[in-house]
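Here is a short note to read alongside the model. Please keep the structure open and check each point as you go.

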Amino acid sequence: MSNPELPANSPGAALPDSVGVLGGGRMGAGIAHAFLINGASVLVVERDEQSAEAARERVESAAAKSIERGATDGNLDEMVSRLAVTVDYDDFKDRQLVIEAVPEDWNLKVASLRGIEDRLAPDAYLASNTSSLSVNGLARELRRPQNFLGLHFFNPVPASTLIEVVLGEQTSEALAWAARGWVEALGKTAVVVNDAPGFASSRLGVAIALEAMRMVEEGVASAEDIDNAMVLGYKHPTGPLRTTDIVGLDVRLGIAEYLASTLGERFAPPQILRDKVARGELGRKTGKGFFNWEK
């Protein structure tokens, strides 16, 4: 599929009025927040009432912080009035776009996407926030693959200026155009790639991170010094090991295992990563990973 500039009359020049997000964890809440502060009506669906309440608090807190920082001049009460959080897939039925943001597990992704698609109108669009799983493979599990693509947001969503738009073999040209426009309307930049293992960002990011882990494992340097080398020497905003802590070591392990199975042993996870995940040292979300986040 070609990748020309977005035409001025593209149907993607504005956000959909009604957007759904499946999963209200850190990433899903960030995606919901991005659409909410840019004027969309947003529905978040979670697995149970406790998770739904936590998701609502995350989105509302992020919206309030955006207003405090001056990142948006919206009114918090008005924003909150456009946010709904439920536990019922049926509530997706009137959404023009739904983004799946559940953990990187193939079976869970497929079941979730099928459950959403069953509720959507035939002309509604469906996207996955997967960071590495095959968009073509997921599309083959759906009835309307032409209405499906990957929208890979980056953590933390409010601060990130990048969204990776991943086109499947059957993604329609209309959806490809629209997705570019949505990214622009969110104030972010689209990197458009055709589906391949790890896309562009995860494949390169994980390759660097795995080598950094091997260097820690071999005693070449400390995690802090390795990260400083990349930040100061190569102008990376965050080093590969601190980024791993932010993303989650369990997430990085899952991506590495998938890439190793599709691209070969060069992506095999080092033992230090497996050991840390086995000990529950998953990064920022647990307070410890390659760095101590409990300070």
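1. Start with the lining of the second largest pocket. By class, the lining has seven nonpolar, five polar and five charged residues. Ala, Val, Leu, Ile, Met, Phe, Trp, Tyr, Cys and Pro count as nonpolar, Asp, Glu, Lys and Arg as charged, and the others, Gly among them, as polar. In total, 17 residues line this pocket. R26, R58, A62, P156 and P158 lie nearest its centre. The volume is about 350 Å³.

2. Which helix gives the largest share of that lining? Helix 2 does, with seven residues. Helix 1 (26-36) and helix 2 (49-69) each supply at least two residues. Helices (H or I, at least four residues) and strands (E, at least two) are DSSP runs, numbered from the N terminus.

3. A word on the source. This is a predicted model, where local features need pLDDT of at least 70 and side-chain atom pairs count only at pLDDT 80 or more, while totals for chains, interfaces and linings use all residues. Residues are numbered from 1 along each chain as its sequence is written, and side-chain values use heavy atoms, with hydrogens and water left out.

4. A cis peptide bond joins N155 and P156, with omega about 0°. P156 sits in the loop between strand 6 (148-153) and strand 7 (162-167). F199 also stands out: its phi is positive, about 55°, although F199 is not a glycine. F199 is found in the loop between strand 8 and helix 7. Most residues other than glycine have a negative phi, and most peptide bonds are trans.

5. Now the cavity. A search of the whole structure finds one cavity of 30 Å³ or more. The largest cavity has a volume of about 50 Å³. E117, L120, A124, L126, L142, R144, N147 and F148 line the largest cavity. Five of these lining residues are nonpolar, one is polar and two are charged. On a 1 Å grid over the protein atoms alone, a cavity is a set of points where a 1.4 Å probe fits but cannot get out, and a pocket is an open set with protein on both sides within 12 Å along at least five of seven lines; lining residues have an atom within 4 Å of a point. Grid points are joined across faces, edges and corners, and a volume is the space filled by probe spheres set on the points.

6. Eight strands form an open sheet in the order 3-2-1-4-5-6-7-8, with mixed pairing. Strand 3 (83-86) and strand 8 (189-194) are the edge strands, and each pairs on one side only. Neighbouring strands are turned by 25° against each other on average, direction ignored. Strand 4 (residues 97-100) and strand 5 (residues 125-128) pair in the parallel sense over four bridges. I99 stands opposite A127 in strand 5. Two strands pair if DSSP finds at least two bridges between them.

7. Which helices cross at roughly 90°? The axes of helix 7 (residues 201-217) and helix 11 (residues 271-278) do, and they come within 8 Å. Helix 7 is therefore roughly perpendicular to helix 11 (65 to 115 degrees). L210, M213, V216 and E217 of helix 7 make the contact with Q271, I272 and L273 of helix 11. Contact means heavy atoms within 4.5 Å. Axes are lines fitted to C-alpha atoms, for helices over the stretch in contact, and angles run from 0 to 180 degrees between N-to-C directions.

8. One more helix pair. The axes of helix 9 (residues 240-247) and helix 10 (residues 249-263) come within 6 Å and cross at roughly 100°. So helix 9 is roughly perpendicular to helix 10.

Terms used. Angles under 35 degrees count as roughly parallel, over 145 as roughly antiparallel, 65 to 115 as roughly perpendicular and the rest as oblique.
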